[in-house]
Amino acid sequence: MRFQLLRSPSPSSSCCGYQIPFQPSNGVLLLRSSPMKIPKSHTKKKLSQSRRASEVLAYYGLTTPPYKLDALEPYMSKRTLELHWGEHHRHYVDSLNKQLTNSPLYGYTMEELIKVTYNNGNPIPEFNNAAQVWNHDFFWESMQPDGGNLPCGGLLQQIEKDFGSFSNFRDEFVHSAMTLFGSGWVWLILKTNERRLSVVRTSNAICPLVWGDIPIICLDMWEHAYYLDYKDDKRTYAINFIDHLVSWHAVTSRMMRAEAFVNLGEPKIPVA
Amino acid sequence: MAAASVGAPLLGLGGAEATLSRLRPPPPGGHESIPLRRSAAAVAASIPRRRESLRSERASVASSRKTPTRAMLGFPSLCPTSLPSRQSRGRNNVRRRAPVAAALLELKPPPYPLDALEPHLSREAVEHHWGRHQRSHVDCLNAAIAGTQLEGMELEDMVVAAYNKGDPHPPFVHAAQIWNHDFFWQSMKPGGGGEPSGRLMELIERDFGSYERMIKELKHAALTQFGSGWAWLAYKANRLEVGNAVNPCPSEKDNKLVVAKTPNAVNPLLWDYSPLLAIDVWEHAYYLDYENRRADYVSTFLDKLVSWEVVSSRLENAINRATERAKVDEKRRQDDDVEATSRKPVEMYLDSDNDDSETE
């Protein structure tokens, strides 16, 4: 079998135009071994054992948002998405792949990579890129065109149980977004130990996975996410996100998996 | 001056460092209580180390207070323009004076009209950057310091005080960002750029090898600052505020130019450096004009906007300040030596001279 050189995707090339079937973020985002129909030139394989091939290929690919880039207008403009996804997110993926060439960090899923590179609070340089790639994937999936309104059913009940009412949750979320100083993210997480929902803020690239909680929604509060559309008006940006962009479908399915994980615990795989 | 001698507080240091105060030898006449050491509780953490004379007065006032906690200082946890928070309600219990208008900070405009930096930084960008971001910091700061210890302080002192040695009080981010932005606007001028000259160029070549290398290092710092922050060129002439820390081989090279990068609102004042030049790499500084191309923004800043005259004048001030401090240190050392040598010899109880009688 001939190994082919995979060129790192460049903005002008179209090799990233294929859609990777969207993997749920709490599941295993293992691009390497998922059985999907990828054109041969895009197969990602590590060649360290092979003497014939001396090139090491890219490890992680850039996932596309599950909607067109102009689908979130007027709350998030097409230009913002073009820059945010096409330049910033892509740059994180490229930098991560560059850092991982000839690196001992091999064979991890994205979530595992984040935890490993976080190194219990003393992150190594790969952490920023890995975490930002994951965070942005999570962010695109948290939104949908014609999103917002109210969640339904069990999710609404859970929110009301943990925050008092949906508008309390909304206020707390918007408030966290406004009082975050510097670059960072705002999350709705399910705390695994306390088994309740909570709103947290993190700075730069930190993600609640590193401390073991389960993210349910995230909002990018780096300035590049909103500056073109809202300038310094973070409040309107956060309100529009909650009212018009957040995808409660994605959130519900994440909640279901998260609840199963929390209630049933980590799957115990019996060893013979 | 009396305040500066025996009772001299170790200004700006927290409780732990107070124990490292310069120990004067005990007064002659036996073991009396050792004077001088201020208890941890007496050191007001909020007084920085700069202007000596003014500070010693303040310190003697402040030393009567305990180390302030956040609740005592009465900082609301939020800027009032945001949504009310449950946390801040319990904190409005500190003494509140009617805010004096003179004690509040004002928004200082850049030293050129807002469209003067076109086409490199558009008028709209400067208007937003100064008129909205910086203005909101000023408003939030004024609200946050009303009725607290920080009110009425100079901005630089306020920044260091609010930083509280790494455990910042809420007004820190606002004070620091105001100071940083003022510094930033003054570092630029329309038709700027070119190369530095004179003393600044000498020092650049001495400390970095060449002007190009310094620029390369500065650009690298600006581009690799992850998240929001600033890139700085600073003059490093700091010293330990510990009396017996003596540099055995003092030389002019100990004071040098350095390139640094800081996150969010931190600036080199907090490390006791003298900043000379700042580049704002928060995304709001360049996003409207350069979108994600931070490299282009930094290059344009260094090629077309930076005002090396201002940087040179800051360098002069920094060098003057360093020499003054060196003089103060030298004087202190001499006083120490004088005291040590002029002391009467300690009475030692020796055995009598006719020791030999015992051995016989």
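**Close-up views of a two-chain predicted model**

**Figure 1. Chain A and its overall make-up.** Among the contacts in chain A with a separation of 6 or more, 70% are between residues 24 or more positions apart. The model shown here and in the views that follow is a predicted one. Chain A holds eight helices and three strands, and when its elements are read along the sequence they follow the pattern α-α-α-α-α-β-β-β-α-α-α. Of its 272 residues, 52% are buried.

**Figure 2. Chain B and its overall make-up.** Chain B contains twelve helices and three strands, and 46% of its 360 residues count as buried. For contacts in chain B with a separation of 6 or more, residues 24 or more positions apart account for 75%. The accessible surface of chain B comes to about 18,900 Å², and 53% of that surface belongs to carbon and sulfur atoms.

Figure 3. Side chains of opposite charge can pair when their charged atoms come close. In this view, the side chains of A:E141 and A:R254 form a salt bridge with an N to O distance of 3.6 Å. The pair links distant parts of the chain, since A:E141 lies in helix α3 (residues 126-141) and A:R254 lies in helix α8 (residues 248-264), 113 residues apart. Are these two residues buried or exposed? Both A:E141 and A:R254 are buried.

**Figure 4. A salt bridge between a loop and a helix of chain B.** The side chains of B:K189 and B:E309 meet in a salt bridge, with 2.6 Å from N to O. This pair also brings together distant parts of a chain: B:K189 is in the loop between α6 (171-186) and α7 (198-208) of chain B, while B:E309 is in helix α11 (residues 308-342), and the two are 120 residues apart. B:K189 has a relative accessible area of 26% and is therefore partly exposed, and B:E309, at 49% relative accessibility, counts as partly exposed.

Figure 5. B:R206 forms a salt bridge with B:D207, and the closest N and O atoms of the pair are 3.0 Å apart. B:R206 counts as partly exposed because its relative accessibility is 28%, whereas B:D207, with a relative accessible area of 18%, is buried. Elsewhere, A:K78, A:R79, A:E82 and B:E291 are joined into one network by salt bridges that share partners. Over all chains, a search of the whole structure finds 14 salt bridges.

**Figure 6. Surroundings of B:N255 in a loop of chain B.** B:N255 is placed in the loop between β1 (229-236) and β2 (256-263) of chain B. This residue has a relative accessible area of 18%, so B:N255 is buried. Which residues does B:N255 contact, leaving aside its neighbours within four places in sequence? The contacts of B:N255 are with B:R206, B:Y235, B:K236, B:A237 and B:A322.

Figure 7. B:L141 is found in helix α4 (residues 123-145) of chain B, and it counts as buried because its relative accessibility is 0%. Not counting residues up to four places away in sequence, B:L141 touches B:L105, B:L155, B:M158, B:P171, B:H174, B:A175 and B:I178. For one of these, B:H174, the C-alpha to C-alpha distance from B:L141 is 5.5 Å in space, although the two are 33 residues apart in sequence.

Figure 8. The residues B:E195, B:E202, B:E205 and B:E212 form a negative surface patch. Among them, B:E212 is placed in helix α8 (residues 211-224) of chain B, and this residue counts as exposed because its relative accessibility is 51%, where exposed means over 50%. A nonpolar surface patch of about 380 Å² is made by B:V346, B:M348 and B:L350. Where in chain B is B:L350 placed? B:L350 is in the loop between α11 and α12 (356-359), and with a relative accessible area of 68% it is exposed.

Notes:
Residues are numbered from 1 along each chain as its sequence is written. Chains are lettered from A and ligands numbered from 1 in the order in which they are written. This is a predicted model: local features need pLDDT of at least 70, side-chain atom pairs count only at pLDDT 80 or more; totals for chains, interfaces and linings use all residues. Side-chain values use heavy atoms; hydrogens and water are left out. Patches are made of residues with over 30% relative accessible area and no salt bridge: like charges are joined within 9 Å, nonpolar side chains (Val, Leu, Ile, Met, Phe, Trp, Tyr) within 5 Å. Accessible areas come from the Shrake-Rupley method with a 1.4 Å probe; for residues, only the protein chains shown count as cover. A salt bridge is a side-chain nitrogen of Lys or Arg within 4 Å of a carboxyl oxygen of Asp or Glu. Lys and Arg count as positive and Asp and Glu as negative; His and the chain ends are not counted. The place of a charge is taken as NZ of Lys, CZ of Arg, CG of Asp or CD of Glu. Helices (H or I, at least four residues) and strands (E, at least two) are DSSP runs, numbered from the N terminus. Buried means under 20% relative accessible area, exposed over 50%, partly exposed in between (1.4 Å probe, protein chains only). Contact means heavy atoms within 4.5 Å.
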